[in-house]
Amino acid sequence: MLQFSLSVTHVLLKNRRVFLILSIDPAFMALSASVFYSITLIFFRRGLEYGSPFVAILFINTFVCVTGFVFSLQTETIPEISMHALFWFVVTGIVGFGIGHLIALIGIQKIGVNRSAPITSVTPIWSVLFAVFFLNEKPNFYVCLGTFLIAAGVWTLSVKKKQEEVSNEDLKSGLIYSLTASILFSIMPVFLKYAYSYQPTPFFGMSVAFGTGAIAVYLTRPILPKDSIRKTEKLGFQLFAIAAFFNIFASIFMWHSMHKGDISVIIPVSRLNTLWVLILSFFFLKKVETLTLRVVLGALIVLVGGMLVIIFRF
């Protein structure tokens with residue numbers, strides 16, 4: 001894993017012109033992140049057919065941690081590491097890449113992905129509310145409307161008619177777990193903004209947060225559902241490696257966009273990955289669901305919402 005991370009990092013650092021793209025508008029960086037993350041999800045989901053979520057998350061977090069650290073050494077000047085920034089980077093990792101992933105997995109285990117996905121689809125709405133409350137951001141009407149439409153569109157795409165039978169106890173606790181995961185994923189960018197206020201170093205922050213997340217995931221192994229830590233085959237590792245490769249680009253764009261832009265714009269735009277996954281699944285996996293009115297309507301709502309946020313963000 002370490003050798004793979006260093007090899008990819010070396011190739012990217014040899015062509016530093018790659019980093020010039022980080023000077024584009026933060027909203028378009030978030031849009032780029034959503035595309036790369038959708039590719040990550042395609043390979044991640046395919047890899048789960050041959051491996052466990054635990055290994056996948058651990059692999060990807062470790063890869064981003066190592067790559068971010070090397071990039072930071074090569075491109076960022078850090079005279080002295082701020083302990084305040086380090087604290088918030090660690091909190092970001094624990095909340096977003098550790099506890100958040102764990103709780104989301106438990107929620108899916110209890111109520112199934114068909115019930116869990118619509119709940120987590122409201123993440124952009126939570127993010128805007130937290131950005132307004134904690135960061136004093138002032139999104140305009142069109143950004144708020146676009147955010148609502150993105151969440152509504154993702155919810156529409158996530159809802160399935162066929163639901164698994166679960167007990168009332170599992171249903172109640174599963175809904176709580178899924179809602180909590182959604183809130184944690186939404187508050188994470190606020191912690192990241194706090195860290196940036198002390199030390200604006202996205203690559204260093206990536207390394208610390210993903211590394212902390214990897215450690216947190218590993219330490220929670222004893223309480224994870226058994227199915228999430230099943231044996232991973234060789235093909236699974238290969239697919240997870242490809243997912244990790246694309247995830248580094250998604251992370252670079254995302255962390256730099258959150259450094260330069262408003263959370264109330266960045267997070268809703270980044271949620272367009274749901275739309276890209278739908279399109280990519282059709283072309284590359286040939287496993288997309290039947291093109292129903294619900295799917296078309298959901299995709300159009302997400303697209304319109306994304307356009308509103310991007311066009312009227314100022």
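What share of the contacts in the chain with a separation of 6 or more comes from residues 24 or more positions apart? It's 93%, where a contact means heavy atoms within 4.5 Å. Before going further, a word on the model: it is predicted, so local features need pLDDT of at least 70 and side-chain atom pairs count only at pLDDT 80 or more, while totals for chains, interfaces and linings use all residues. Residues are numbered from 1 along each chain as its sequence is written, and side-chain values use heavy atoms, with hydrogens and water left out.

Now for the overall layout. Of the chain's 314 residues, 53% count as buried, which means under 20% relative accessible area, with exposed being over 50% and partly exposed in between (1.4 Å probe, protein chains only).

Let's look at some helix packing. Two packed helices are described by the angle between their axes and the distance between the axes. Take α3 (residues 53–75) and α9: their axes come within 7 Å and cross at roughly 155°. Axes here are lines fitted to C-alpha atoms, for helices over the stretch in contact, and angles run from 0 to 180 degrees between N-to-C directions. The two helices are therefore roughly antiparallel to each other; the cut-offs are under 35 degrees for roughly parallel, over 145 for roughly antiparallel, 65 to 115 for roughly perpendicular, and oblique for the rest. On the α3 side, the contact includes Phe54, Ile57, Leu58 and Phe69, and on the α9 side it includes Phe203, Phe204, Phe210 and Val217. By class, that contact has 14 nonpolar, eight polar and no charged residues. Nonpolar here covers Ala, Val, Leu, Ile, Met, Phe, Trp, Tyr, Cys and Pro; charged covers Asp, Glu, Lys and Arg; the others, Gly among them, are polar.

Pro26, Ala27, Ala30, Leu31 and Ser34 of α2 meet Val265, Ile266, Val269 and Ser270 of α11. These residues divide into seven nonpolar, two polar and no charged. As for α11 itself, eight of its eight residues are buried, so it is largely enclosed by the rest of the structure.

Ile39 is buried, with a relative accessible area of 18%. Leaving aside neighbours within four places in sequence, Ile39 is in contact with Phe246 and Leu280. Ile39 and Phe246 are 207 residues apart in sequence, yet their C-alpha atoms are 6.7 Å apart in space.

Finally, have a look at a loop. Thr232 lies between α9 (202–219) and α10 (234–260), and this residue is buried, at 10% relative accessible area. A polar atom of the Thr232 side chain lies 3.2 Å from the backbone nitrogen of Ser52. Beyond its neighbours within four places in sequence, Thr232 is in contact with Tyr50, Gly51, Ser52, Val55, Phe237 and Phe240.

Notes: Helices (H or I, at least four residues) and strands (E, at least two) are DSSP runs, numbered from the N terminus. A polar contact is a pair of N or O atoms within 3.5 Å; within protein, one must be able to donate a hydrogen and the other to accept it, and residues adjacent in sequence count only if both atoms are side-chain atoms.
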